[in-house]
Amino acid sequence: MPQDTVDRILDAGRRAPSAGFSQGQEFVVLDTPASVAAFWEITRDPEFGWDLEDVAAGPTVIVLPIPDPERYVARYSEKDKIAFGMDDAANWPVRFWEVDAAMASMLILLAAVDEGLGGWFFGITHGERELLDRFGVPAHLRPIGILGLGYRAADERPQGSVTTRRRRPLEEQIHRNGW
């Protein structure tokens, strides 16, 4: 995948909302065959491992969206924000660094679609710290999930829970003017 395409997609993500314009999102981009292969090798759960055919046809770019809580606390320790009392991470009623990372991830996925690509958000169930150490991520940081970006297969068909579970009706989820 061309680097300028990946950069346009990531630029959309870094423009996501950011509490206090803290801009505390970091993105580790794995875009070489060696780094993508290392990702799959390190995160492969010995009991529930990746199918080798799926990995071979999988995303060519892996993005780790990583929020940095320290940037948020530092921003809210500044003169114009200190009155909010969020100069300590424990005081935040919602971890907006994680919310902002999720919004950035969604924008990345949408930008990938706009570029004619496929996108996938998933989690790591095995080897997270080893993976982060392998790619030099500071010890106090961890991703909210993983983004896989790549070209769609010509015969792509939905799979997983979306094929076995019904979507809840709109009227079950929307509560107008009260519950």
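A residue counts as buried under 20% relative accessible area, as exposed over 50%, and as partly exposed in between. Asp11, at 24% relative accessibility, is therefore partly exposed. The model described here is predicted.

**Salt bridges**

The structure holds twelve salt bridges. Asp11 takes part in one of them: its partner is Arg15, and the closest N and O atoms are 3.0 Å apart. Arg15 has 57% relative accessibility, so Arg15 counts as exposed.

Asp4 forms a salt bridge with Arg8. Both residues lie in helix α1. They are four residues apart, about one turn of the helix. Asp4 is partly exposed, at 46% relative accessibility. Arg8 is partly exposed too, at 42%.

Another bridge joins the side chains of Glu26 and Arg71. Glu26 lies in strand β1 and Arg71 in helix α4, so this pair ties together parts that are 45 residues apart in sequence. Glu26 is partly exposed, with a relative accessible area of 29%. Arg71 is also partly exposed, at 42% relative accessibility. Elsewhere, salt bridges that share partners join Asp4, Arg8 and Glu115 into one network.

The table lists three of the bridges.

| Residue | Partner | Closest N to O distance |
|---|---|---|
| Asp4 | Arg8 | 3.4 Å |
| Arg15 | Asp11 | 3.0 Å |

**Aromatic pairs**

A search of the whole structure finds eleven aromatic pairs. One of them is Tyr72 with Trp92. The ring centres are 6.1 Å apart and the planes stand at 80 degrees, so this pair is edge-to-face. Tyr72 belongs to helix α4, residues 69-75. Trp92 sits in the loop between α4 and α5, and α5 covers residues 96-114. The pair therefore ties together parts that are 20 residues apart in sequence. Tyr72 and Trp92 are both buried.

Trp92 also pairs with Tyr76. Here the distance is 4.8 Å centre to centre, with 80 degrees between the planes, and the pair is edge-to-face. Tyr76 and Trp92 both lie in the loop between α4 and α5, so their pair links parts that are 16 residues apart in sequence. Tyr76 has 8% relative accessibility and therefore counts as buried. For Trp92 the relative accessible area is 7%.

Which residues do the ring pairs link into a cluster? They are Tyr72, Tyr76, Phe84, Trp92, Phe96 and Trp97.

Another ring has a charged neighbour. Arg134 lies over the face of Phe135, at 4.6 Å from the ring centre.

**A nonpolar surface patch**

Met106, Leu107 and Leu110 form a nonpolar patch on the surface. Together they have about 250 Å² of accessible area. Leu110 is found in helix α5. At 45% relative accessibility, Leu110 counts as partly exposed.

**A buried serine**

Ser22 is found in the loop between α1, residues 3-14, and β1, residues 25-30. Is Ser22 buried or exposed? Its relative accessibility is 10%, so Ser22 counts as buried. What does its side chain reach? The side chain of Ser22 reaches the backbone oxygen of Ala19, at 2.5 Å.

Methods
Residues numbered from 1 in each chain as written. Predicted model: local features only at pLDDT ≥ 70, side-chain atom pairs only at ≥ 80, totals over all residues. Heavy atoms only, no water. Phe/Tyr/Trp six-rings, centres within 6.5 Å; stacked < 30°, edge-to-face > 60°. Helix = DSSP H or I, 4+ residues; strand = E, 2+ residues; numbered from the N terminus. Buried < 20%, exposed > 50% of the residue type's maximum accessible area, 1.4 Å probe, protein only. Lys NZ or Arg CZ within 6 Å of the ring centre and 35° of its normal. Patch = residues over 30% accessible without salt bridge, like charges linked within 9 Å, V, L, I, M, F, W, Y side chains within 5 Å. Areas by Shrake-Rupley, 256 points an atom, 1.4 Å probe, with all protein chains shown as cover. Salt bridge = Lys/Arg side-chain N within 4 Å of Asp/Glu carboxyl O. Polar contact = N/O pair within 3.5 Å; in protein donor to acceptor, adjacent residues only side chain to side chain.
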